[in-house]
Amino acid sequence: MHSTADASPFRRLDDDRPAVSFTYDGETVIARVGDSIAAALLAAGVISFRDTAVSGAPRSPYCLMGVCFECLVEIDGVGNRQACQTEVREGMRVRHQLGARAVVGGEG
Ligand code: FES
């Protein structure tokens with residue numbers, strides 16, 4: 001993972017929602033039912049969700065409301081998914097998105 005929960009500037013409020021786990025780049029993340037992937041990753045200390053297609057610069061969620069597309073990740077093998085608009089589900093496999101997503105059947 002790219003950071004740790006201890007380093008996260010985000011803190012969870014106490015709540016009694018059930019836990020749900022998913023993986024991010026192969027590491028287990030414990031979230032709460034109802035969390036968006038973006039909220040769960042930020043709370044877990046993940047800062048960069050993707051690298052840009054042109055320069056490879058790291059990007060982080062910005063608007064958290066579906067407008068900026070800075071939170072794109074790969075979810076269960078499908079790229080360009082908005083982490084802020086997708087609720088966590090048990091067993092999801094989320095990955096950092098490196099550059100542009102691959103086009104199925106295309107080159108590169
Ligand atoms: S953080 Fe802006 S679209 Fe997800």
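Aspartate 76 is partly exposed, with a relative accessible area of 29%; partly exposed denotes values between buried (under 20% relative accessible area) and exposed (over 50%), computed with a 1.4 Å probe on protein chains only. The model is predicted, so that local features need pLDDT of at least 70 and side-chain atom pairs count only at pLDDT 80 or more, whereas totals for chains, interfaces and linings use all residues. Residues are numbered from 1 along each chain as its sequence is written, and side-chain values use heavy atoms, with hydrogens and water left out.

Aspartate 76 is located in the loop between β5 and β6 (78-82); strands are DSSP runs of E of at least two residues, and helices are runs of H or I of at least four, numbered from the N terminus. The phi of aspartate 76 is near 50°, a positive value in a residue other than glycine. Most residues other than glycine have a negative phi.

A positive phi, near 60°, is also found at phenylalanine 69, again a residue other than glycine. Phenylalanine 69 lies in the loop between β4 (58-59) and β5 (72-75) and counts as partly exposed because its relative accessibility is 40%.

Aspartate 15 belongs to the segment before β1 (19-24). Its relative accessibility of 32% places aspartate 15 in the partly exposed class. The side chains of aspartate 15 and arginine 17 are joined by a polar contact of 3.0 Å, that is, a pair of N or O atoms within 3.5 Å; within protein, one atom must be able to donate a hydrogen and the other to accept it, and residues adjacent in sequence count only if both atoms are side-chain atoms. Aspartate 15 and arginine 32 are separated by 17 residues in sequence and by 8.9 Å in space, C-alpha to C-alpha.
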